[in-house]
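Here is a short briefing on one chain. Look at the structure first, then read the points below.

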Amino acid sequence: MTDILCWICGETAPLSKEHLIKHSDLKTTLGLISQQAPKYFHTLNEEEGKKISSFKRSELLRSEAPMCNKCNNDRTQKYDRSWQRLHSYLLIHQAKTPKVIDLNEVFSEEPLLHMDRVQLYFAKIFGCRLVSNSIHFPIHELAEALLHDKAHPNIYLSIGYSQIDLVGISPLINYTMPNNNESFVWMYSIGHIQVQIGYSKFHIPNTKEASYDPSKKVFQISIQQFP
Ligand SMILES: [Zn+2]
């Protein structure tokens, strides 16, 4: 039997499973859940959500991609924390739905580093989805970015607010561009806050202007209005 390896560092056990939707995002957005007050997890192509009565226990919220405890905790926690800070800011300012935000207001120090780490947080979830769905992809590129705390050059983020209150992740939409170059796009939704994650070697697939483009180092980012 072959050993199961962590998709990021290539080490064997102990392995754990990554949350597809961040546990703290669920808690801050939805509050407490229980058997009596379940919440519903949506994938955007399904009419009915799936019932969740515990964030910690629900397998629906976890990826099957093998990841070691070190990668899931020490190594990538800084990425989780940067997203957590941006998410909190977006949540606090939700009523005003700003069109632009100044990263200096979100992150008091090193805002550009934190935005790269927000991208790496979504790169991690993206990698987990690719691996658990056995999708052909140069996964080592994502692993390298995560191991070296270096933004991936081909992942774009569109961040914004939606009228729809939804929790979940959309299916991965895969485009084959000319020259057989593949592009992907998917959504991460947490209440009225949405992030569209695009992967392309050439341009942002099927998306509005990106809030985050790894080739541009900017302190003000545009905030999208999603349907
Ligand atoms: Zn690992």
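In this predicted model, helices H3 and H5 meet through a set of residues from each side. H3 brings Lys78, Tyr79, Asp80, Ser82, Trp83, Arg85 and Leu86. H5 brings His114, Arg117, Val118, Leu120, Tyr121 and Lys124. By class, this contact has six nonpolar, two polar and five charged residues.

**How the two helices cross**

- The axes of H3 and H5 come within 7 Å.
- They cross at roughly 110°.
- An angle from 65 to 115 degrees counts as roughly perpendicular, so H3 is roughly perpendicular to H5.
- The crossing of H3 and H5 is left-handed.

**The nonpolar core**

- The largest nonpolar core holds 49 residues.
- Phe122, Ala123, Phe126, Leu157 and Ile197 have the most contacts inside this core.
- Elements giving two or more residues to the core include helix H3 (77-92), helix H5 (111-132) and helix H6 (139-147).
- Strands E4 (67-68), E6 (155-169) and E8 (181-199) also give two or more residues each.
- H5 supplies the largest share of the core, eleven residues.

**A look at Ile197**

- Which residues does Ile197 contact, leaving aside its neighbours within four places in sequence?
- They are Phe122, Phe126, Ile155, Leu157, Val185, Trp186 and Tyr188.

**The chain as a whole**

- The chain has six helices and ten strands.
- Of its 227 residues, 37% are buried.
- Take the contacts between residues at least 6 apart in sequence: 65% of them join residues at least 24 apart.

Methods. Residues are numbered from 1 along each chain as its sequence is written. This is a predicted model: local features need pLDDT of at least 70, side-chain atom pairs count only at pLDDT 80 or more; totals for chains, interfaces and linings use all residues. Helices (H or I, at least four residues) and strands (E, at least two) are DSSP runs, numbered from the N terminus. A residue is buried if 20 or more other C-beta atoms lie within 10 Å of its own, exposed if 12 or fewer, and partly exposed in between; C-beta atoms are placed from the backbone. Two residues are in contact if their C-beta atoms, placed from the backbone, lie within 7 Å. A nonpolar core is a set of buried Ala, Val, Leu, Ile, Met, Phe, Trp, Tyr and Cys residues joined through C-beta atoms within 7 Å. Axes are lines fitted to C-alpha atoms, for helices over the stretch in contact, and angles run from 0 to 180 degrees between N-to-C directions. Angles under 35 degrees count as roughly parallel, over 145 as roughly antiparallel, 65 to 115 as roughly perpendicular and the rest as oblique. A crossing is left-handed if the near helix is turned anticlockwise from the far one by less than a right angle, and right-handed if clockwise. Ala, Val, Leu, Ile, Met, Phe, Trp, Tyr, Cys and Pro count as nonpolar, Asp, Glu, Lys and Arg as charged, and the others, Gly among them, as polar.
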